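Colleague: Please take me through this structure by question and answer, beginning with the chain as a whole.

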Amino acid sequence: MIETKEQPNVTQIQNPVKKILAKYEHAKSLKDQWTSVFEECYEYALPQRESFFTETAGRRRTDHIFDETAVVGVQEFASRLQSGIVPNYARWANFIAGTEVAKDEQKEVNGTYTK
């Protein structure tokens, strides 16, 4: 059974900053319950990288790796995610004149940079 802290009643807090801080502290307490799981996943999937949490210089990071399934899977997923957002060899952005360029010059500027 997973035990969680009860969410504070933020509706009674009048100060918006204190309300946001109370929500943040609650969210952080929920996340902190999973820190050891995140750390273990990170050890298996990205052993060559430094950890999010604690790291000792010179520590062996590949003691728990018996095959490369997770390591390769993370790299392939990152590559697919990147190519989905910013496709290779595809025009995914256009530069156009902004508000700093005079209206009568925008067409000329846009014609120069967009084809």
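Colleague: Among contacts in the protein chain between residues at least 6 apart in sequence, what percentage join residues at least 24 apart?

Modeller: This is a predicted model, in which local features need pLDDT of at least 70 and side-chain atom pairs count only at pLDDT 80 or more, while totals for chains, interfaces and linings use all residues. Residues are numbered from 1 along each chain as its sequence is written, and side-chain values use heavy atoms, with hydrogens and water left out. A contact means heavy atoms within 4.5 Å. Among contacts between residues at least 6 apart in sequence, the share joining residues at least 24 apart is 25%.

Colleague: Which pattern does the protein chain follow along the sequence?

Modeller: Helices (H or I, at least four residues) and strands (E, at least two) are DSSP runs, numbered from the N terminus. The chain has 4 helices and 0 strands. Read along the sequence, the pattern is α-α-α-α.

Colleague: What percentage of the residues of the protein chain count as buried?

Modeller: Buried means under 20% relative accessible area, exposed over 50%, and partly exposed in between, with a 1.4 Å probe and protein chains only. Of the 115 residues in the chain, the buried share is 11%.

Colleague: How far apart are the end C-alpha atoms of helix α1?

Modeller: The expected span of a helix is 1.5 Å times one less than its number of residues. Helix α1 covers residues 16-32, so its 17 residues should span 24 Å. The model agrees with this, as the end C-alpha atoms are separated by 24 Å.

Colleague: Which residues of α1 are buried, and what arc do they cover around the axis?

Modeller: The buried residues of α1 are Ala22, His26 and Ser29. They lie on the same side of α1, because the arc they cover around the axis is only 60°. The arc is taken from the directions from the helix axis to the C-beta atoms. To restate both parts, the residues are Ala22, His26 and Ser29, and the arc is 60°.

Colleague: Which residues are exposed on the other side of α1?

Modeller: At the start of α1, a side-chain oxygen of Asn15 comes within 2.9 Å of the backbone nitrogen of Val17. Val17 also belongs to the exposed group on the other side of α1, which consists of Pro16, Val17 and Ile20.

Colleague: Is Gln106 buried or exposed?

Modeller: Gln106 is found in helix α4, residues 103-113. Not counting residues up to four places away in sequence, Gln106 touches Ala97, Gly98 and Val101, and a polar atom of its side chain lies 3.2 Å from the backbone oxygen of Val101. With a relative accessible area of 19%, Gln106 is buried.

Methods. A polar contact is a pair of N or O atoms within 3.5 Å; within protein, one must be able to donate a hydrogen and the other to accept it, and residues adjacent in sequence count only if both atoms are side-chain atoms.
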